[in-house]
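Hi,

Here is the structure I said I would pass on.

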Amino acid sequence: MAAVARLFRSSSSAVSFIRRSLSTEAAAELRSQSYSPRVDPKARNVQWVFLGCPGVGKGTYASRLSALLGVPHIATGDLVREELSSSGPLSKQLTEIVNQGKLVSDEIIINLLSKRLEMGEAKAESGFILDGFPRTVRQAEILDEVTDIDLVVNLKLPENVLLEKCLGRRICSQCGKNFNVASINVRGENGNPDISMAPLLPPSDCVPKLITRSDDTEPIVKERLRIYNEKSQPVEEYYRRHGKLLEFDLPGGIPESWPKLLEALNLDENEDKQCAAA
Ligand SMILES: Nc1ncnc2c1ncn2[C@@H]1O[C@H](COP(=O)(O)OP(=O)(O)O)[C@@H](O)[C@H]1O
């Protein structure tokens, strides 16, 4: 773990980039606005983290908010998948780890994230919505050493829904959009409401190009859920202690959840004009 801190200390480009672009002043200003509903979302420097189990919809909601707020959506899972399809030196090692449902080392993930952030710097990006990072308490501590996170949104769904969602997930290999062929109807337990989600079907152009992620099989999803509970649930606790965690129980699919999420974030639905489809 010390090696990761050393990586940040010694990799001056990564550290200086993160320090420069993740301005704590802007973060303090955002906090002082306390998500006031009347603030122009584009005027904010958003530095948010999305937490949640595999399949919960971090990518869907983070990318919608990224379009609404005009900040990049950075998903470390996407960075890992890009790396493993690139036939670069890490590719074989990463394929093995991902296909076992395990986590990539903190060193590798921070390296990939630093490179992505540097690329954003070149494009004068400001703010971010991180999805899939941090996933260990050590990653959260390292992030805190280099920046000031404003808000952590913890998306939640029951585990049986998560499994069905992962197994129904399909991706268009051409446009990259995510779809879901599962029709979910799960009875709520212990007084919790029932959950229904209609399938999110692709347009006919995408149908012949649909692929399934190699780690979206039942045994691998179960392992990813186990690892989430072991390694990433403590991250929820870490941010809860720091008073940054917003818990959000998804009430259903996108049509029910999106307006409620905007409400929880004090964002006005009327600002949702240019939001891209999920
Ligand atoms: N922050 C991270 N730390 C370690 N490994 C990661 C991290 N982010 C992504 N990965 C790797 O990439 C895989 C895919 O990530 P992601 O698409 O976020 O999956 P999930 O659907 O399980 O949330 C993970 O199972 C893990 O192997």
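**What I found**

Keep in mind that this is a predicted model.

Next, helix 10. This helix covers residues 218-241, so to speak a run of 24 residues by the definition used for helices. From first C-alpha to last, helix 10 reaches 33 Å, close to the 34 Å expected at 1.5 Å a residue. Helix 10 also has a kink of about 45 degrees, and the kink is centred on Asn-229. Quite a few of the side chains here belong to buried residues, among them Ile-220, Val-221, Leu-225, Ile-227, Val-235 and the tyrosines Tyr-228, Tyr-238 and Tyr-239. Charged residues are on the buried list too, including Glu-223, Arg-224 and Glu-236. After helix 10 comes Gly-243, with a positive phi near 70 degrees.

Last, a loop residue. Asp-205 sits in the loop that runs between strand 8 (195-197) and strand 9 (210-211). Is Asp-205 buried or exposed? Its relative accessibility is 58%, and because the cut-off for exposed is over 50%, Asp-205 counts as exposed. Asp-205 and Ser-105 are 100 residues apart in sequence, and their C-alpha atoms are 38 Å apart in space.

Cheers

Technical notes. Residues are numbered from 1 along each chain as its sequence is written. This is a predicted model: local features need pLDDT of at least 70, side-chain atom pairs count only at pLDDT 80 or more; totals for chains, interfaces and linings use all residues. Side-chain values use heavy atoms; hydrogens and water are left out. Helices (H or I, at least four residues) and strands (E, at least two) are DSSP runs, numbered from the N terminus. Buried means under 20% relative accessible area, exposed over 50%, partly exposed in between (1.4 Å probe, protein chains only). The expected span of a helix is 1.5 Å times one less than its number of residues. The bend at a residue is the angle between axes fitted to the seven residues ending there and the seven starting there.
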